[in-house]
Every structure is written in structure tokens, then in C-alpha cells.
Amino acid sequence: MAAYDPEREGAKMSFAKDMSYIDYLSLDPILGSQNLQSNAHDEMLFIIQHQTSELWMRLALHELATAREHLARGDFPPVFKMLTRVARIFEQLNNAWDVLRTMTPSEYTEFRDDLGASSGFQSHQYRLIEFILGNRNRAMMKVHEHRAELHHMLGQEMERPSLYHIALDNLAREFDITFPANAYCLDGPHVACTEVMDAWTRVYQNPKEHWSLYELAEKLVDLEDYFRRWRFNHVTTVERIIGFKRGTGGTSGVKYLRKMLEVELFPELWNMRGQL
Ligand code: HEM
Ligand SMILES: N[C@@H](CC(=O)c1ccccc1NC=O)C(=O)O
């Protein structure tokens, strides 16, 4: 029997003049961007793990920015879809730790020194995700001063209402109320506010009456749930690989990351649950 030839069934096989897979996906720059700093076998894993994470974060930002625009118009269905997708992206990032966990401390030590002072602490996309969700801290912007455009982007985000702020606008509108100004702090983390908690409580006490806000609240809780799991997986993997060593970024390492586990993005949505 002759070997199968897809061309005979009509598959296009010549791409000298047409856009092909490698062209459309810009695979040349992507697959040529694993610039190893050492000869350690596991550095490839380390770089690809981070590069793929950054690509997923790029998508998460794309979804979150558009979700915020729709939410500002009170257009809920696309927001639900996009927030679900972002939660799934975090699930994807969470599963990716299983691959990285195959690297032992001995293997990581082979190239850790070659990382210099670089660290995930300097991931501008991670910081943007935090800022867009509402966990804002100007001090975190300083590491980007040498990259004016990234620094500017983070600064601009800090001037916009966060996704949660926009959710609160919708919540206030539902009950024809106004939240105190401190519920809308632009350049700091969101601080829990009783009036907001009471309004979410009213939503959960009568879901049928406030179904869109109820669904929105659950999407936000879902997203934060997955984000928390990411932080937890990160700190556990870090402890497993470097123990309590200081981070390359200069923080205390695991101690710093444990502190970050305390971050609450949407505190009222968690605090109100004990009141129902
Ligand atoms: C061997 C694996 C890893 C180790 C040992 C590690 C270690 C650390 C340490 C010690 C910090 C604290 C900052 C510092 O002083 O350096 C940190 C922060 C961070 N890492 Fe990793 N990390 C690892 C993998 C990853 C991966 C795969 C990502 C995915 C992008 C990542 C993203 C981050 C981010 C975003 C921060 C900042 C967190 C924050 O400020 O809340 N890390 N990491
Ligand atoms: N902070 C890590 C190094 C590290 O994980 C890292 C280094 C360069 C680019 C991304 C990294 N990932 C997360 O921090 C360490 O202290 O070993």
C-alpha cells in the first residue's frame, strides 16, 4: 500500500507565497527566544515555564481589560464569559507547577546564580493583573523605572478604576445607594467597607432578585480562589526548591511570599459569607 499523501486529498503543501502556521504564529521569534545563561539542563524548563506563564498572563490581561469595559456599560454576559476564561487561565497556570516541581534543589542550584538579580517580582504583567483587579501599590512600580513605557503603563492603570470598583458601581446602582469614597481608592489596595459588605449581603439573601450581581460576585470569588491557589502553589514550590533562601529579587523569599498569601482582592465578598 502506498504511503498516505495528504496532498492527494487536497491538503495545501506549498507555502512559499502564502502565510503558513509558522508565519501566522510568529514562531521564529518565540522559539528562538530561549536564551540560556548556563549549560544546566533544567534551565530550558525554567525559561519555558516562565515564558508560557507570561503568555497566559497576556491573555488574562486582554480578557480583564475588555471585561472591565463591558462591566462599565452594565453588559454582564460577556463579562461572565471573560471572567470564567481568566479563572481557567489561572487553573492552567496552577497545573503548570506540576511540571516545574520536577526540578530539584540540586538541579536549580546549577543555574540559579546565572539569574543575577532577575526575579518574578519584576513581572510587569503580573503586577498589571494585580493592579487591574485592585491590589495596587505604587512601591511595586519602582523596579520598572528603567523601562519607561512599562512604568507608564502601570501608572496609567493606577489612575483607572479597578475591575472591582466597576463591580461596586453596578452594585450601588442596583440598590440606588452611594458607597463612601474610601471604597474607591485608586492608588492603594482596596480596603473592606461595611456598606459594600451589606450590599453584597442583600444580593446573596435574594439571588433571584439580583441574579446578574449574584453571578458576577461568584465569578469574582472564583477568580480570587484560583489566584490564591496560584500564590499558594508558588510559595510551596519555592520552599521546596530554595527553602528559606533570600530571593534573587532581594526580598526575604518564602517569608515575603507567605505575607502575600494574606492579600484579599475582594474582601467584602469573603467577609459577607459568614453573615448569611
Ligand atoms: C524555581 C522556581 C521559582 C522560584 C525559586 C521562585 C522564587 C521566587 C521568590 C523567592 C520570589 C520573591 C521575590 C524575590 O526576592 O525574588 C518570587 C516572586 C515572584 N515569582 Fe517566583 N519563583 C519561581 C517560579 C516562578 C514562576 C514559574 C512564576 C511564573 C510567572 C513566578 C512568578 C513570580 C512572581 C509574579 C513573583 C512576585 C510575587 C509578588 O510580588 O507577590 N515565579 N519568586
Ligand atoms: N526569585 C527566584 C528566581 C526566580 O524564580 C526567577 C528568576 C528570573 C525570572 C523569573 C523567576 N521566577 C520567579 O521569581 C530565586 O530567588 O531563586
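Student: What share of the contacts in the protein with a separation of 6 or more joins residues 24 or more positions apart?
Tutor: It is 69%. A contact here means two C-beta atoms, placed from the backbone, within 7 Å. This is a predicted model: local features need pLDDT of at least 70, side-chain atom pairs count only at pLDDT 80 or more, and totals for chains, interfaces and linings use all residues. Residues are numbered from 1 along each chain as its sequence is written, while chains are lettered from A and ligands numbered from 1 in the order in which they are written.
Student: How many helices and strands does the protein have?
Tutor: Twelve helices and zero strands. Both are DSSP runs, numbered from the N terminus: helices are H or I with at least four residues, strands are E with at least two.
Student: Why is Y108 called partly exposed?
Tutor: Count the other C-beta atoms within 10 Å of its own, with C-beta atoms placed from the backbone: 20 or more is buried, 12 or fewer is exposed, and in between is partly exposed. Y108 has 19, so Y108 is partly exposed. Y108 sits in helix α5, residues 105-112. Leaving out residues up to four places away in sequence, Y108 touches D42, M103, I241 and I242.
Student: What makes R112 partly exposed?
Tutor: R112 has 18 C-beta neighbours inside 10 Å, so R112 counts as partly exposed. R112 also lies in helix α5. UniProt, in an unreviewed entry, lists both Y108 and R112 under "binding site". UniProt positions follow the numbering used here, feature names are shortened, and annotations may be inferred rather than shown by experiment.
Student: What makes helix α6 mostly covered?
Tutor: Eight of its ten residues are buried. Among them are H124, R127 and L128. The cover includes α3 (43-72), α7 (148-159) and α8 (163-175). Just after α6, G134 takes a positive phi of about 120°.
Student: Which residues are closest to ligand 1?
Tutor: S119, G120, G247, G249 and T251, out of 24 that surround ligand 1. A residue is near a molecule if its C-beta atom, placed from the backbone, lies within 6 Å of it. Helix α10 gives the largest share of the shell, five residues.
Student: How many residues of that shell are charged?
Tutor: None: the shell has ten nonpolar and 14 polar residues. Asp, Glu, Lys and Arg count as charged; Ala, Val, Leu, Ile, Met, Phe, Trp, Tyr, Cys and Pro count as nonpolar; the others, Gly among them, count as polar.
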